[in-house]
Amino acid sequence: MSRRELREQIFKMLFRIEFHESEELTEQMELFLEEGERSKEDETYIQQKYAKIAEKIEEIDAAINEKAKGWKTGRMGKVDLSILRLAVYEIRYDEEIPTGVAINEAVE
């Protein structure tokens, strides 16, 4: 899979955070991985990056809430919030992804 396709897969898993309790997310990851055909390498990448983002959700949401004017994460659309979370993680914490790429992918 390309980086863009992997990012889309991670986005889809992040989107599930909004609809499931944290205790259910391990099972959701298992179900998610059963749904598609991916290489073991891609599955490992998706799982690891998702786990890193999920671990920092509170920090990411705090950063979003700090900068957002008139909108807090609880009021944002679920799709938009998932995109923002992924972009903020890549900008702040993922040294492999250049900031410009993270911004461009979020806009796309």
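## Close-up views of a predicted model

**View 1. Helix 4 and what covers its buried side.** Among the elements that cover the buried residues of helix 4 are helix 3 and helix 5, as seen in this predicted model. The residues of helix 4 that count as buried are I57, I60, D61, A63 and I64. Looking down the axis of helix 4, these buried residues fall within an arc of 160°, and they therefore line one face of the helix. The exposed residues E58 and E66 are carried on the face of helix 4 that is turned away from its buried side.

**View 2. The largest nonpolar core.** This core has 22 residues, and those with the most contacts inside it are I10, L14, Y50 and I53. Two or more residues of the core come from each of helix 1, helix 2, helix 3, helix 4 (57–67) and helix 5. When residues up to four places away in sequence are not counted, I53 touches I10, L14, I60, L86 and Y89. In soluble globular proteins, nonpolar side chains tend to be buried together.

**View 3. K49, a buried residue of helix 3.** K49 lies in helix 3 and counts as buried because its relative accessibility is 6%, where buried means under 20%. With its neighbours within four places in sequence left aside, K49 is in contact with I10, L86, Y89, E90, D94 and I97.

**View 4. The largest cavity.** One cavity of 30 Å³ or more is counted in the model, and the largest cavity has a volume of about 40 Å³. Its lining is made up of R3, L6, R7, I10, Y45, K49, E90 and I97, with helix 1 and helix 3 as the elements that give two or more residues to it. Helix 1 gives the most to the lining of this cavity, with four residues. Sorted by class, the lining of the largest cavity has four nonpolar, no polar and four charged residues.

**View 5. The largest pocket.** About 210 Å³ of space lies in the largest pocket, and the residues that line it are R4, R7, E8, F11, I83, L86, A87, E90, A102, E105, A106 and E108. Helix 1 (3–16), helix 5 (78–92) and helix 6 (99–107) are the elements that give two or more residues to this lining. The lining of the largest pocket divides into six nonpolar, no polar and six charged residues.

**View 6. The second largest pocket.** The space in the second largest pocket comes to about 150 Å³, and its lining residues are L25, T26, M29, E30, Q47, Y50, A51 and A54. At least two residues of this lining are supplied by each of helix 2 (25–35) and helix 3 (40–55). By class, the lining of the second largest pocket divides into five nonpolar, two polar and one charged.

**View 7. R16 and its contacts.** R16 lies in helix 1, and with a relative accessible area of 15% it is buried. If its neighbours within four places in sequence are left aside, R16 is in contact with L25, Q28, L31, F32 and E35. Between R16 and A102 there are 86 residues of separation in sequence and 21 Å in space, taken from C-alpha to C-alpha.

Terms used. Residues are numbered from 1 along each chain as its sequence is written. This is a predicted model: local features need pLDDT of at least 70, side-chain atom pairs count only at pLDDT 80 or more; totals for chains, interfaces and linings use all residues. Side-chain values use heavy atoms; hydrogens and water are left out. On a 1 Å grid over the protein atoms alone, a cavity is a set of points where a 1.4 Å probe fits but cannot get out, and a pocket is an open set with protein on both sides within 12 Å along at least five of seven lines; lining residues have an atom within 4 Å of a point. Grid points are joined across faces, edges and corners, and a volume is the space filled by probe spheres set on the points. Ala, Val, Leu, Ile, Met, Phe, Trp, Tyr, Cys and Pro count as nonpolar, Asp, Glu, Lys and Arg as charged, and the others, Gly among them, as polar. A nonpolar core is a set of buried Ala, Val, Leu, Ile, Met, Phe, Trp, Tyr and Cys residues joined through side-chain atoms within 4.5 Å. Buried means under 20% relative accessible area, exposed over 50%, partly exposed in between (1.4 Å probe, protein chains only). Contact means heavy atoms within 4.5 Å. The arc is that of the directions from the helix axis to the C-beta atoms.
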